[in-house]
Amino acid sequence: MLREVADLGHVCPRLEGEHRADLCIVGGGYLGLWTALEIKAAEPALEICIVEADICGGGASGRNSGMALPWWTKIEALIAQCSTQEGLRLANASVAAIDEITAFADAHKFDIEFARTGWLWGSTSPREDGRWAGIIEALERHGQAPFTELDRSDVQALVDAPGFRGGALDGACATLHPAKLVRGLRRVALERGITIFEDTAMTNLRRGNPALVETDAGQVLARRVVLAMNAWSTALPELDRGIFILTSDDAVSDPVPEFMEQHRWANGPILTDSAVFVSGYRPMANGRVSAGVSGGAIAFGHLGRTRWEGATPREGDIAAAFARGFGEGHGITFRHSWRGPIDRTRSGLPLFGPLPGHPNIHYGYGFSGNGIVGCRIGAQIMTSLVLERDDVWSNSGLVHPVEPWMPREPIRYIGAHMVRQAIRRQDHLDRLDRDAGPITRKLASLAPGGIVTTTTD
């Protein structure tokens, strides 16, 4: 998605030689940029720099599907990890975050193609019917009712998507252009005097006080460091085993105004199925269709400088997923595709905190395919941690030690492929209304949390 933005502007210089800063942020995506902006607003005199291995947004932030979803589907995991009061506070904060994102873009006059489309969390096969019921019941127990349940006729009245049998509609959800958001944040960061080094990968982190961020051609000596590296966090041994990395794969069509009019879909909603490896699609502001599938490529070890550039090899899977919603004769051709990494924690919740033994170095990662809203919340947590505030953000249950739940290589790589294949098989059998065998069910049950997660076990 990032590469289609016509006006990327100038590329910031590479870091060369020695640089000093009060705060060095490693990673120029949503989390890194939002955190830099929050801290700069709170403490304007601080010298803040960002080092980014690619261009800002070149990782997961500029490649996602552009769906801004609140955390209601994570409510049970939030309560289990954070307490009932804190879990509900965070879920409501995730709703507010959507408004904060568009308000920031409006205030700084950059267009992110924001649209309050709503989200239909739906079913495209009998086995998926009602998979939202447990979340809705859990929310009702706590006095929350963000979803409206729809049957097939209700869905058809909303959008002509004949493959959808029903679902749960959350009207607060929105769509936006992910790359335009990240580039807008970058522009504002530069205007506020935040130094950005692009094409500057961290090659080593010397832990200490001050800490030293080393790169190919230079280094930053900083009193504090924020690690906002998404999937590339696995390069650090303290963080490596806390997340599972795989890709999501996306594609966009040419403008299809006739299709949009025929299916009454120009104004949304986002449509997703209820598979474990979820598929989803949405209308874009220029009349195109964006569609994607999860459960893609798995990396061996940490990503290093792997960027997963180029077209996805799963364009056929994306087309098949779209056909499950709109029928085989939909007539849509996807012209451009890409893929990007998802950093899934076991619970599906992001984690924040100091590196063990190094209170001046903080990490944030594990957005589990739900990063637009999560990074906005995460920046508030990171800001409170860095500035040593004693408030609801620094005391949040998301400030949590990394759980080393993933095995070491090569067991992780082999095991991850086994689990992925089991999930794909179970999703396929669900669509055929057939039972999976016990081995497939057991392996599929090991999947970490994604957009929907119910426990922290």
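A residue counts as buried when its relative accessible area is under 20%. With that in mind, welcome to this predicted model.

- The structure holds 25 salt bridges, among them one between Asp-435 and Arg-127 (2.9 Å, N to O).
- Asp-435 lies in the loop between helices H10 (411-431) and H11 (438-444), and Arg-127 in the loop between E4 and H4, so their pairing ties together parts 308 residues apart in sequence.
- Asp-435 is exposed at 61% relative accessibility, while Arg-127 is partly exposed at 28%.

**Helix H2**
- Six of the eight residues of H2 (residues 75-82) are buried, so this helix is largely enclosed by the rest of the structure.
- Its buried residues include Ile-75, Leu-78 and Cys-82, and their cover includes helix H3 (84-107), helix H4 (133-141) and strand E17 (351-355).
- Just after H2, Ser-83 takes a positive phi of about 95°.

**The sheet**
- Eight strands form an open sheet of mixed pairing, in the order E5-E6-E4-E13-E14-E15-E12-E16.
- E5 (147-151) and E16 (334-344) are the edge strands, each with a single partner, so one side of each has no neighbour in the sheet.
- Strands E13 and E14 run antiparallel, joined by two bridges, and Leu-271 has Tyr-281 in E14 as its bridge partner.

Terms used: Residues numbered from 1 in each chain as written. Predicted model: local features only at pLDDT ≥ 70, side-chain atom pairs only at ≥ 80, totals over all residues. Heavy atoms only, no water. Buried < 20%, exposed > 50% of the residue type's maximum accessible area, 1.4 Å probe, protein only. Helix = DSSP H or I, 4+ residues; strand = E, 2+ residues; numbered from the N terminus. Contact = heavy atoms within 4.5 Å. Pairing = 2+ DSSP bridges. Salt bridge = Lys/Arg side-chain N within 4 Å of Asp/Glu carboxyl O.
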